[in-house]
Every structure is written in structure tokens, then in C-alpha cells.
Amino acid sequence: MTDPVRATPDDPTLVRIRGLTTVLNGKTIFDALDMDIPRGKVTAIMGPSGTGKTTLLKHITGQMRADAGSIHVGGRNVAGLSREELYKLREGVGYLFQNSALLTDFDVFENVAFPLRQHTKLPEVLIRNLVLLKLQAVGLRGAARLMPNELSGGMARRVALARAIVFDPQLILYDEPFVGLDPVALNQVLKLIRTLNKTLGITSVLVSHELDAVQQIADHVMLLSNGKVVAQGDPRTIAGDGSPWTRQFFGGEADGPIPFRYPAGDYATELGLAGVTK
Amino acid sequence: MSARGQHGNVVTQSLTQIGLCGLFLLTLLAAIPRSFRYLRETTRQLWFVGAMSLTIIMVCGLFVGMVLMLQLYHVLSIFGGTSASGMVVALSVYRELGPVVTALLFAGRAGTAITAEIGLMRATDQISAMEMMAVDPIAYVATPRFLAGLIAMPLLCCVFCAMAVFGGHLVGVTWLGIDNGTFWSNMTAVVDVHTDIVNGVLFKSLAFGAVVSLIAVFQGFTTPPTSEGVAYATTRTVVASSIAILALDFVLTAFLM
């Protein structure tokens, strides 16, 4: 079985999303969303909270099924893959969870070694060297024997990053990779993402709110709102493109096309003030 | 909603849960061949649910045997049949108390731990992380725990029964003065290997082990990934396991008698 992520190296688009529609608990998350994620680039997906950025990553990796539409990764429809094919696809994909999702029974070393132990029969010495190499890259080689509950949030995120890249995947999905990192760690992680992208030609998709960080590493930014891509372009110029969406989002304005308030009934009625006049 | 409607809802939800649990069992059984590559994990779980439960099983077994002998001695002394006390202790323990009490203790000690562990793994995205690392959580997490429960229960039941007989001997022979030879000869004359040991101890405890482990793993995997959800799931594991053990005990006894 071929690895779908590496199957179509000539296609400039690695992930192609067409007409993606998702409704969760009666709320439309994606409304016929179309999106192309270019191969070998760093693509940032931005948008207000609750707009479905993490859900989109889950769709791409087949963790969630959409109500309609298709997602093709490396030319293969994710929804049409069998369990074995989906697992094969995931072997070529790294995923950094928002809350790190380290296995609490294992120490840092074993967490990073876990995918290698599960999918390879590499000799112990090679596993050890590979793990130490990745831990060195995220600056935590010295923390190899610490348990997850002994790590700070930022350290746990870096361990999760080391685990996500241990297989040198061709596609890495980062869910809020910069949250909880101090400036030094943030800079190192930014450098690491950029280096992985440049040296190994890895395609990176990152979900983030932090424009400063995104501007330093992303090649392309997409702004999601109301279930669609409402703006996209170069991260250094998108904030000034003049569209009301980007003006509101990057300017942090409460009023605009991006709803600040969750849909609700009439405020005065809910407070029992309907019909009350001065 | 009317009381009848509420009861109807409870019945519908319970039947749905039983149906889903049945489907989950099929998924577990289908995953057994895949879980053979995780033998180390199964061994680890066997240590956790089996060896770590030994203390509570041994202590409880000892006291159950002691109190049973005390009660029987006083009742049988009315009829002058105290020499049969050891035999009755052994039969009660092998046929009913051993498997049932061991299973109830196992549900409280290991079942709740399994549910809480898996529930917390879901709440902290560890199960999703395994999925994303192309590791099947049913084969890696659920099946080893299920198999460990299945293997551990008969072994724990044997230990429980041995300790109960020892407790009975301690009270009957050492304290109350029943003749040691009479105690053992009456017991060995009446206890039948097939009816009492194979059907009573081994078969029943195997069935209870399967039921408790299935319920514990199912509750862990289906609980809402929140602290409240995990708390409810552990409670449901104990309640559902206890009811299932006692109901199944009646059915098995009726068929095996």
C-alpha cells in the first residue's frame, strides 16, 4: 500500500477540499467550504474562536466525517479510505494537538519513541538516537526521563512537537502551536517549523490566532469565518487588504461581519424587560 | 414528563446501552488478533488488574471464610452437625460466594480504575493522539484490559476461595475445636471437581470477568470526555457490573445445577 501523502509528488496541491459542509448540534460549521493547501508550503488557517479551525484539521485527518463535500489528501478521498488506508495515511501525517495529548503513563522519551516502537522494528540504539535527535531539536533532550505531569504547558507542547515530527512526516498539522510558549521557546519552535518546511519540503498547516508568529513563517494565510474562507493571501499583506473581514479580525474590532456574540434570543426579553419603557 | 414517560425513557436508554455494549463486544472480539502485537500491554494490565487486586481479594476471602464458619458452627451445633461446617463453607464458597464476591470486589477495585483511566485518556485527547499516530486504540487500550480482566478473574477467584477455606479452618479448627481430619475429609468427600471447581469457581468467574471488564472498558470509551462524565461512568461501572453479576449468577446457577 503506498503512502497517500507521498503518492502524487507532482501535484502542487496536497490537500484539496471541495464543498465541505459540516453541521454540529444544529450549527453550521462549514458551508460548502472550498480550500487548497499547497504542497511544501506553510499554510496558516486563522479565524475567530469557534469557527471550526480544529474541526477542519480533524476532517483532513479523517477523525471526523463531514455531512457533505470531499477532502482529498495526496489525490485520495479521505472519506473513502478503509481503516487500514486511513492509518497508512496518518503514518505520513504529524499532528500537534492543542493540549499536547501526551501519553501520561510514559515519560518524555517513551512518548516520542511511541510511534517508532509501534510502526517500526528499528533496533533500540537507533530508536534512542532518533528520539534524542528530535528532543534536542525542541531543546528538551535533558528532560527525556521526566513524566508528562512534571512538564510545564510549553514543555509539553514541545515534546508533542518532537513526537509529531519523529517520523519526518510529509504533512504536519499544528493546532495552536504557539499557545503557552515563552518568547525563547516560541522563537525556537518558529525556527523549527520553518527549517522542517525548508529542508525536508514538509507541508505545514497551522491553526493560530497569533498574526506576528504567523507572519514570520507562513507562506499563505486563510481567514475562516461563517463556514467559509473569507480572505486569503500573503501573511505580510493580508491585514491591509482592505476587506471588512480582515480589518475586523486583525484590528480586533467588535463590530463587523465576524459575529462576536453567539446567536441568542432577544436580550431584553431574556432579562424580563420586554415591554418596559422609561 | 409523566412518570410513565420517564420510566419509558430509562428503559429505552438502558436497552440502547445494552445494544451498544453488545456491538462494542463484537468490536473487541474482532480486535483480539490485532492486540496480540501488544502482549506487553496485556501483561502490564494483568499486573494492574490482577496482581494489584490480590491484597483486597485475600483479606476479604479470609474474613468471608471466617464469618461463614462462625455462623454455620452456631447453626449446625443445634443439630449436632458441626463436623459438616467445613464442607458447607467450602461448597458455599466454591459455588456462590467465591465467584460472586470476587467479581463484586473486582468491579469496585479494577473495573472503576479501568473506566476512569480510559475516560481520562479520552478527556485529555490521548485516545485521539493514538488514532493520529495510526495506533488502533481498541487493540492497544481496550482489548488488553478486557483480556487482562478475563484472565485475572478466575485466578483471583481461586485465591479468594483458598483464603476463605483457610479462614474457615482457622476459626473452625483452631478456635472452635472441630477435628482437623474431619474438616478436610468431609470437604474432600463432598466437593466435586467438575460441579464445584470447574463450573463454580472457573466457569462463573470467567463469565463474570468478561462481563465486568466489558462494562468497564465500554463505559470508559463511551463516557463524555469531562470530569463529570468520568465520575458518572465509574459509578455506572459499579452499578451495572453488580446487577449484571448477580443476574448472571442466577442464570448460570440455574443452567449449571
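Which residues is B:Val217 in contact with, leaving aside its neighbours within four places in sequence? Keep that in mind while you set up the view. The model is predicted.

Start with chain B. Select its C-alpha atoms: they fill a box of roughly 65 × 50 × 30 Å along the principal axes. Colour by secondary structure. Of its 257 residues, 44% count as buried. Take the contacts in chain B between residues at least 6 apart in sequence: 88% of them join residues at least 24 apart.

Next, select residues 15-34 of chain B. The unreviewed UniProt entry lists this span under "transmembrane region". It is 100% helix and 0% strand, with end C-alpha atoms 30 Å apart.

Now select the largest nonpolar core, with 144 residues. Those with the most contacts inside it include A:Val112, A:Leu173 and B:Val217. Helix H6 of chain B, residues 137-175, gives the most to this core: 18 residues.

Zoom in on B:Val217. Beyond its neighbours within four places in sequence, its contacts are B:Ile114, B:Ile118, B:Ala142, B:Arg145 and B:Phe146.

Finish at the contact between the chains. Chain A puts in 15 residues and chain B 10. The chain B side holds 5 nonpolar, 3 polar and 2 charged residues.

Conventions: Residues numbered from 1 in each chain as written. Chains lettered and ligands numbered in written order. Predicted model: local features only at pLDDT ≥ 70, side-chain atom pairs only at ≥ 80, totals over all residues. Contact = placed C-beta atoms within 7 Å. Nonpolar A, V, L, I, M, F, W, Y, C, P; charged D, E, K, R; others polar. Core = buried A, V, L, I, M, F, W, Y, C linked by C-beta atoms within 7 Å. Buried ≥ 20, exposed ≤ 12 C-beta atoms within 10 Å, placed from the backbone. Helix = DSSP H or I, 4+ residues; strand = E, 2+ residues; numbered from the N terminus. UniProt positions renumbered as here; feature names shortened; annotations may be inferred.
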